[in-house]
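I opened a new model today and made notes as I went.

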Amino acid sequence: MNGQTFKHYVHHVIIVNQPVNVLKSIYALIIANTDIQAYVGIGTAARVYPSFVPQKQTKPYISFDCYNTEPTDTKDGVSTIDNYSSEVSCFHKNALDCLTLANLVRSTLDRFKGLNSNNVINSIVFDGNDGPYYDEEAELFRVDIDFRI
């Protein structure tokens, strides 16, 4: 807790050609974890949001996004394998629970190997985290976790 604050709303830049299947894959991996479900809910009611979080959302919740697409160019055509950076943010009213939720997300995604149901993700690697940050006005903690996909 380094004195940094953040706005209660979550603002992500939405890119038109965003890797939709990668976002769907991250979502599927996160909501499949029963320990994470205990915090954010189950199935379509799970409070896990790609790109932005609705205002006045019930806590805790998770948001995530992909950015910084790096194609693997070939001489023969378009890139068949793109590399992405992704940030997953965990929000909770309690700092320890926020850190616990972030650790659950990290253990779910870090070192994931193999193709998921969308055949999109080959591997996910933890790339660092920041937080917890506290917003006094919103009375909410946040931990950001970065991954390379």
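**Entry 1: burial.** Buried means under 20% relative accessible area, exposed means over 50%, and partly exposed lies in between (1.4 Å probe, protein chains only). I then looked up Cys90, which is buried at a relative accessible area of 0%. Cys66 is buried too, at 2%. For the chain, I noted that buried residues make up 46% of the 149 residues.

**Entry 2: ground rules.** This is a predicted model, so local features need pLDDT of at least 70 and side-chain atom pairs count only at pLDDT 80 or more, while totals for chains, interfaces and linings use all residues. Residues are numbered from 1 along each chain as its sequence is written, and side-chain values use heavy atoms, with hydrogens and water left out.

**Entry 3: the fold.** I looked up the elements. Helices (H or I, at least four residues) and strands (E, at least two) are DSSP runs, numbered from the N terminus. The chain has three helices and five strands. Along the sequence, I read the pattern α-α-β-β-β-α-β-β. I also looked up contacts (heavy atoms within 4.5 Å). Of those between residues at least 6 apart in sequence, 56% join residues at least 24 apart.

**Entry 4: the core.** A nonpolar core is a set of buried Ala, Val, Leu, Ile, Met, Phe, Trp, Tyr and Cys residues joined through side-chain atoms within 4.5 Å. Which residues touch the most other members of the largest core? They are Ile62 and Leu109, out of 31 residues in that core. The elements giving two or more residues to this core are H1 (20-32), H2 (34-40), S2 (61-71), S3 (82-92), H3 (95-109) and S5 (140-148). H3 gives the most, with seven residues. I then listed the contacts of Ile62, leaving aside neighbours within four places in sequence. Among them are Ile30, Ile36, Val40, Val88, Cys90, Leu101 and Val105. Another core lies apart from this one; its six residues include Tyr61, Phe91, Ala138 and Leu140.

**Entry 5: cysteines.** How many disulfides are there? A disulfide is a pair of cysteine sulfur atoms within 2.5 Å, and I found zero. The cysteine sulfur closest to that of Cys90 is in Cys98, 6.1 Å away, so it is too far for a bond.

**Entry 6: rings.** Rings of Phe, Tyr and Trp (its six-membered ring) pair if their centres lie within 6.5 Å; planes under 30 degrees apart count as stacked, over 60 as edge-to-face and the rest as tilted. The structure holds two aromatic pairs. Tyr61 and Phe91 are stacked, because their centres are 4.6 Å apart and their planes are at 25°. This pair links distant parts of the chain, from S2 to S3, 30 residues apart. Tyr61 is buried at 1% relative accessibility, and Phe91 is buried at 2%. Tyr134 and Phe141 form a tilted pair, 4.5 Å centre to centre with 45° between the planes. Tyr134 is partly exposed at 28%, whereas Phe141 is buried at 11%.

**Entry 7: helix H3.** I checked the length of H3. The expected span of a helix is 1.5 Å times one less than its number of residues. For the 15 residues of H3 that gives 21 Å, and the end C-alpha atoms are 21 Å apart, which agrees. Its buried residues include Ala95, Cys98, Leu101, Leu104 and Leu109. After H3 comes Arg111, with a positive phi near 70°.
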